Every structure is written in C-alpha cells, then in structure tokens.
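Visitor: I would like to learn how to read a model like this one. Can we go feature by feature?

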Amino acid sequence: MTNIDTSLRDQIGEARSKWGWFVALGVLLLLFGLFAFYNVLAATLASVLVVGTMMLIAGIAEIVHAFYVRTWSHFFWLLLSGILYAVAGFFAFRNPLLASAVLTLLLAISLIASGALRVVFALGQKAKKSWGWVLVGGIVTILAGLVIAIGWPVNSLWILGLFLAVDLTFQGWALIATGFALRRA
C-alpha cells in the first residue's frame, strides 16, 4: 500500500468521524434555503448586501494597496479602481433595490454570453461524442438568460433570491447526503 493510499484512508477516516457535522451544516443550509424560498425578496436583499459588503471591503483594500505601492506607475489606476469598487459597494447599501436590478441585468447578460460561448465551442467540437450535450447546455443557458432579460427589471425583486434559495437547498441536500455516506463508509 502506498503512502497516498494510507493518507487518503486516514483523511476519509477523519471525515467519517465528523459525519454529524456534515449533516448538521446540511440541515442548516436546507433551512436557510427553505426560508429563502419563503421570502425571496428578503433573500434578494441579503444577497445584494453580501455583494455590496464584498465590494466595499475589496475597494478599501485596493485603496490601501494603492497607497502601499504608490511608487508604482499605475498608482492612480489602482486608486481609481478601489474608489469605484468602494462606491459601488456603498450604493448597494444605499439603494439595494437598484443594485438588485443592476445585478439581475448583469446575470442575464452573463448567462446569454456564457451560453453563446458554449454553443460556439460545441459546434467546433462536433467530432467529439459529447458535443451535443455541450450544445444543449449552451442553449439552455441562453434561454435562462433571455427569460431573465425579458422579465427585467420586475424580476429583479425575486430572481437573485430564488437563485440563492435553490443554491442553499441543493448545498444542504448535498452535505446531508455526504454526511450519511460517510457514516455508512
């Protein structure tokens, strides 16, 4: 038996001893997901505030970084970038409904662009067996982006919260399943 096999077995054994934590965290995420489904507006606002917080912190960090490396020739670009990030984060707090509209529109555009790239990639890979699945995935992604774009800005009040609810729910179920699989292993 190699060192890698022994190390992997030890890590699985360690994770197995903590299977209950996986299940507990999964249940917690599942409950958060159900709450988010129950109140998608609150979930949308929460997600906007999290994004705003991250942008504000990143902006402040970039401003500090700009002054730390002020001898660098791109000091003003770093400073401007940090200021813009911080201002965007501030506006997410100042007007979370407008921020949710902007983020929803960016989500729609990103889905459409990502789906289009997948379609182009799939069409270039026709010689491969799985190219059709990539094509279908790209088309579905484009359609999801179009559905969001068509409903914009009205759906901005709930779409981000719905995505958060779905993500929390699936993450919760995945952790619960992982915990019980570790228990049985």
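Visitor: In which helix is L34 found?

Guide: First, the ground rules. This is a predicted model, numbered from 1 along each chain as its sequence is written. Local features need pLDDT of at least 70, side-chain atom pairs count only at pLDDT 80 or more, totals for chains, interfaces and linings use all residues, and side-chain values use heavy atoms, with hydrogens and water left out. Now L34: it is found in helix α2. Helices are DSSP runs (H or I, at least four residues), numbered from the N terminus.

Visitor: Is L34 buried or exposed, or in between?

Guide: Buried means under 20% relative accessible area, exposed over 50%, partly exposed in between (1.4 Å probe, protein chains only). L34 has 47% relative accessibility, so it counts as partly exposed. L98, in helix α5, has 51% and therefore counts as exposed.

Visitor: Which residues form the nonpolar patch on the surface?

Guide: Nonpolar side chains (Val, Leu, Ile, Met, Phe, Trp, Tyr) are joined within 5 Å, like charges within 9 Å. Here the patch is V27, L31, L34, F37, V166 and F170, with about 550 Å² of accessible area together. That area comes from the Shrake-Rupley method with a 1.4 Å probe; for residues, only the protein chains shown count as cover. α2 (19-38) and α7 (159-184) each give two or more residues. α2 gives the most, with four.

Visitor: How much space lies in the largest pocket?

Guide: Rolling a probe the size of a water molecule over the atoms shows where empty space is left. On a 1 Å grid over the protein atoms alone, a pocket is an open set of points with protein on both sides within 12 Å along at least five of seven lines; lining residues have an atom within 4 Å of a point. About 210 Å³ lies in the largest pocket. Of its 13 lining residues, A88, F91, A92, A99 and V102 are the closest to its centre. α5 gives the most to the lining, with five residues.

Visitor: Where is the cis peptide bond?

Guide: Most peptide bonds are trans. The bond from W152 to P153 is cis, with omega near 5°. P153 is in the loop between α6 (131-151) and α7.

Notes
Patches are made of residues with over 30% relative accessible area and no salt bridge: like charges are joined within 9 Å, nonpolar side chains (Val, Leu, Ile, Met, Phe, Trp, Tyr) within 5 Å. A salt bridge is a side-chain nitrogen of Lys or Arg within 4 Å of a carboxyl oxygen of Asp or Glu. On a 1 Å grid over the protein atoms alone, a cavity is a set of points where a 1.4 Å probe fits but cannot get out, and a pocket is an open set with protein on both sides within 12 Å along at least five of seven lines; lining residues have an atom within 4 Å of a point. Grid points are joined across faces, edges and corners, and a volume is the space filled by probe spheres set on the points.
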